[in-house]
Amino acid sequence: MAGIRWPPEDSELHHARVPSGVDLISDDDRSVAADSWSIKSDYGSTLDDEQRHVDASEALSTGVRAASDYSSDKEAPDADVEPSVLGLQSYWDATYADELANFHEHGHTGEVWFGADVMDIVTTWTKNLCINISQGRMENLDDEVSPESESVEQIANDLSTWSVLDIGTGNGLLLQGLAKKGFSDMTGTDYSEGAIDLARNLAERDGFNNIRFLVDDVLETKLERQFRLVMDKGTLDAIGLHPDGPMKRIMYWDSVSRLVAPGGILVSISNFTSY
């Protein structure tokens, strides 16, 4: 799901207000059909890597729709969404404690949430999207940027203007993938201290010392800046699986809408399309 937060009209500048979730133009059709919960447990579902690759490619081939096509997730409750331990912070604290221990003992990276192939698809698509927006190609946002049409210097210049926030960053590998595509101003947050410790260790080991990692709960964020690109690779899913999921999803949209800068975008990778 991708959303663009349009800057206010001049007349609106005189009537400033705190933005809400509806300021984001949501695109349900762009929800990447990748399994964010590729955890080998009884609580998550898994898809084989080939199917993840196919589903993600198909999902990313659709275009960004107009604001009039947006359907809010607040119109009706999700009666078929059952709470799960995946919605509890204690589950993620325990998971990342194990992964951090495995890193220190064996050098293991940990789980790549939706597979390396899909990670590359998502980061490449996101790079093309941001470059097209920077170049003012708003009618063909999904067009692939060819090396012939853009110089290396121009691409680097375009991407340098994009501040990136990855909410629920986990081990931070999505930000590493974006760094490889040319993004440089990057921040990752997670409410689990173990996740942030793991992400910092991996980034230092892999030579990505420019990525900032902070302990922060998106529902009660302490961040005071806005970002031109906000990424979410399953955090909304975890929030929706909390026993108080419906209320926390409203809190999520309110918080995220304040983190996305005017003219910025939200890219959400989710199992659900009704959020």
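I started with burial. In this predicted model, buried residues make up 49% of the 275 residues in the protein chain.

Next I went through the secondary structure. I found eight helices and six strands. From the N terminus the order reads β-α-α-α-α-β-α-β-α-β-β-α-α-β. I also checked contact range. Of the contacts with a separation of 6 or more, 74% join residues 24 or more positions apart.

Then the cores. Nonpolar side chains tend to be buried together in soluble globular proteins. The largest nonpolar core here has 44 residues. Val164, Phe183, Met186, Leu229, Met231 and Ile265 have the most contacts inside it. I listed the elements that give two or more residues to this core: α2, α3, α4, α5, α6, β5 and β6. Its largest share, eight residues, comes from α3.

I looked up Met186 separately. Leaving out residues up to four places away in sequence, Met186 touches Val164, Leu175, Leu178, Ala179, Asn210, Ile211 and Arg212. I also noted a second, separate core of 15 residues, which includes Ile167, Val230, Leu236 and Trp253.

Last, helix α8, residues 245-259. I checked its length. At 1.5 Å a residue, its 15 residues should span 21 Å, and the end C-alpha atoms are 20 Å apart, so the two agree. The buried residues of α8 are Gly245, Lys248, Arg249, Tyr252, Trp253, Ser255, Val256, Ser257 and Leu259. What do they pack against? I found β2 (163-167), β5 (227-232), α7 (235-240) and β6 (260-268).

How values were computed. Residues numbered from 1 in each chain as written. Predicted model: local features only at pLDDT ≥ 70, side-chain atom pairs only at ≥ 80, totals over all residues. Heavy atoms only, no water. Helix = DSSP H or I, 4+ residues; strand = E, 2+ residues; numbered from the N terminus. Expected span 1.5 Å × (residues − 1). Buried < 20%, exposed > 50% of the residue type's maximum accessible area, 1.4 Å probe, protein only. Contact = heavy atoms within 4.5 Å. Core = buried A, V, L, I, M, F, W, Y, C linked by side-chain atoms within 4.5 Å.
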